[in-house]
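Biologist: Take me through this model, please. I want each label tested against its rule.

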Number of protein chains: 2
Amino acid sequence: MAMQKYNEMDSHSRSALLEKLRADYAGAKAAGHKLDMSRGKPGRDQLDLSEKLLTVVSSSRDAITENGIDTRNYLPTDGIAEAKKLLGDIMGTDPDLVFVGGNSSLNLMHDCLTFAYIHGLPGFAPWGSGKVKFLCPAPGYDRHFAMTAHFGFELITVPMTPTGPDMDIVEELIKDPEVKGIWCVPKYSNPQGITYSDDTVRRFAALCPAAGDFRIFWDNAYAVHDLDPANPDKLLSLSGELSKNGKGDMAFFFCSTSKITFAGGGICAVSMGKDDFIWLKKHKALQTVGYDKINMLRHAKFLPDSAALTAHMEKHAQLLRPKFRAVLDALAPLKEEGIAAWNEPRGGYFISLDVLPGCAKRVIELCAGAGLTLTNAGAAFPYGKDPEDKNIRIAPTMPPIDELVRAMGLVCLCVRIASLEKL
Amino acid sequence: MAMQKYNEMDSHSRSALLEKLRADYAGAKAAGHKLDMSRGKPGRDQLDLSEKLLTVVSSSRDAITENGIDTRNYLPTDGIAEAKKLLGDIMGTDPDLVFVGGNSSLNLMHDCLTFAYIHGLPGFAPWGSGKVKFLCPAPGYDRHFAMTAHFGFELITVPMTPTGPDMDIVEELIKDPEVKGIWCVPKYSNPQGITYSDDTVRRFAALCPAAGDFRIFWDNAYAVHDLDPANPDKLLSLSGELSKNGKGDMAFFFCSTSKITFAGGGICAVSMGKDDFIWLKKHKALQTVGYDKINMLRHAKFLPDSAALTAHMEKHAQLLRPKFRAVLDALAPLKEEGIAAWNEPRGGYFISLDVLPGCAKRVIELCAGAGLTLTNAGAAFPYGKDPEDKNIRIAPTMPPIDELVRAMGLVCLCVRIASLEKL
């Protein structure tokens, strides 16, 4: 069947098509689906890839590090050398300046914000004592935005471009001394899968913010999460560029193994410049005796070098490629019908779908009505408000492929209905 | 040799004795000891007791909870049912109102303080917006005091009595609306090993603080850590007493398995009244997707019921009894010499040694000079300042028994020297 752009159809054809699609929708509803594509959770098959992580530290003897630290006991607060190396390598930062956390890098981001809010960064007033604005490249990660909003910071939207945040706008906004930070997912960004260009990274490293306590929150959540590991996107090292510019303290780097090993049972880290690292360790020491070092050692033994990590991530890619393919194949006709656009990510966890303006909420509502949960409309924007109500985040990793195909059939049906209702 | 009280000796005998002891000290120094009794860390033999914890979840299949939750994946934020039950039972609180954390209950305490500081308790202004005073029964746990001092709260010392904090003073101090909380280690208190009497618990449950957002921080760190499990100290349930009085929201309960399984790789929890629990979950959801549920499940499988827990804690007691005995035996002569006093704890991790006023710092300095690290002088007091400079916290659990005996020989020698220097 030759596709026709919806906006080129006459109104009679559109009405007839809508009627037919509504009948299809009624049928889909009656089928009693219970599908979930709301969050970027790994599938069970992906989790199975790390089964050996559960047994790699099996005895008391196994629990001792190369330096003789008994991981079962307390301390040191910043983690074991093996884990600092593993996560420092992923972030591209100096292992000596890596603080290893528990299973949640989000929690470490919250800690950094908390310490800045209550105590202030080295030499600066607590953020809680004044007004704070935070830059939010959008669409972006909903949990980032929600966290800074929860601290009472004002979120300022920065549009994303195919090469990263619009740096002209960033360079302008940081002239405001109330702007204290920016959220970045620099590789395979959530949700668009965009990797920042070298030029973007260099412009980040050259920023001269009015606030001396401005920090780039560089959440490299998908650093090694390539769909085509033989030909991955390459992200220029922000850490390296900052050092060249003598601005080593301007960024906080984050990563985790949540989407490498176990989403709920991985390890994570934060890295930063030397002065900030001393600052972080001081405040962390008042908050905890340190994180689970047994799990750090498990990870270091399970992923002993970069070859092991690469081989492991290739297995993830093998499982994820068909899922991303299935979503893209399902979406394809919508392009010819002129009612949707999306990018084809080369890694990460999401596909960012743009439907006709004013239609995203309706699509998500229709999907929910037929038993498919999608991420809330507007989630990828500050305050959960998509100014054009057109963005939908598709998370293809969790459902088995047959469910995914059914879910995407439903998504496409709902996009068509919502589009015809709008046109 | 018949012991003589030092203060009854003539000055000539004292000088002669001091000379002899100094010679002994020079010998001890030359021996090149490297001993550490500074922290309440479990011994390696104790950690070995939980070796099976490392293998109790060994396969992907093992990682699924009774309710079908895959512990390897994200969510739920407040933990799995099995762990809520285990830790709720230890705290004596409703499992539905238990939030399970990672390996650090200290971190959960810090979270509660952070959320109160930034957002305020339900219906109240953020603590950060005004002056906050915190009650500190002393001697007490140094990390508690340091944490609240770090938030900028004013620490107010409450003297400990053999039945717990001096409740006359507590009842008086809480009339001040700036007093927002009190630290308690109600069973086998750190460092004295005191268990609060029923009367003390009832008076806590009957408190009518001026501040509606006053909270008792009830850190039951040694809830099941009896040295004589057949005849343990019994702590009245604060949770039960509060409920009777309709004051279910006045306490935050904490516990951890740090000294049950692995000090660095356990699980922990916080429990509280219903409104506060909703408040906590709301703020935690902005901070993390939840803690390591695989480790929660490990613990639930390793300690499936109260009989298993009791049997496990008896094994700890078997290892710890000789260590506590060795310390008490070593100290015994000091009593006859009239230069020290201490209590005999029936559980917990410490012996609280009181030397002559003005001597604690000197004893610790002398010990350090001969290669024995003790907890800093004054650590058990707010701001690290022991008003009488007499308290020394002895942590007998970590060193093997032969080291412990050598260390205690050194402690006694240094107490004698410091006492003679003072008299």
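Modeller: Start with two helices of chain A. The axes of helix 1 (residues 11-30) and helix 13 (residues 401-422) of chain A come within 10 Å and cross at roughly 145°. Axes are lines fitted to C-alpha atoms, for helices over the stretch in contact, and angles run from 0 to 180 degrees between N-to-C directions. Helices are DSSP runs (H or I, at least four residues), numbered from the N terminus.

Biologist: What ground rules apply to the model?

Modeller: This is a predicted model: local features need pLDDT of at least 70, side-chain atom pairs count only at pLDDT 80 or more, and totals for chains, interfaces and linings use all residues. Residues are numbered from 1 along each chain as its sequence is written, chains are lettered from A and ligands numbered from 1 in the order in which they are written, and side-chain values use heavy atoms, with hydrogens and water left out.

Biologist: Is the crossing of helix 1 and helix 13 of chain A left-handed or right-handed?

Modeller: Left-handed. The term applies if the near helix is turned anticlockwise from the far one by less than a right angle; clockwise is right-handed.

Biologist: Which residues of helix 1 of chain A meet helix 13 of chain A?

Modeller: Among them are Leu17(A), Leu21(A) and Tyr25(A). Helix 13 of chain A brings residues including Leu413(A) and Ile417(A). Contact means heavy atoms within 4.5 Å. By class, this contact has 10 nonpolar, no polar and 5 charged residues. Ala, Val, Leu, Ile, Met, Phe, Trp, Tyr, Cys and Pro count as nonpolar, Asp, Glu, Lys and Arg as charged, and the others, Gly among them, as polar.

Biologist: At what angle do helix 1 and helix 13 of chain B cross?

Modeller: Roughly 145°, with axes within 10 Å. That crossing is left-handed.

Biologist: Why is the pair Asp70(B) and Arg44(A) called a salt bridge?

Modeller: The rule asks for a side-chain nitrogen of Lys or Arg within 4 Å of a carboxyl oxygen of Asp or Glu. Asp70(B) and Arg44(A) lie at 3.7 Å, N to O, so the label holds. The interface of chain B and chain A has 4 salt bridges by this rule.
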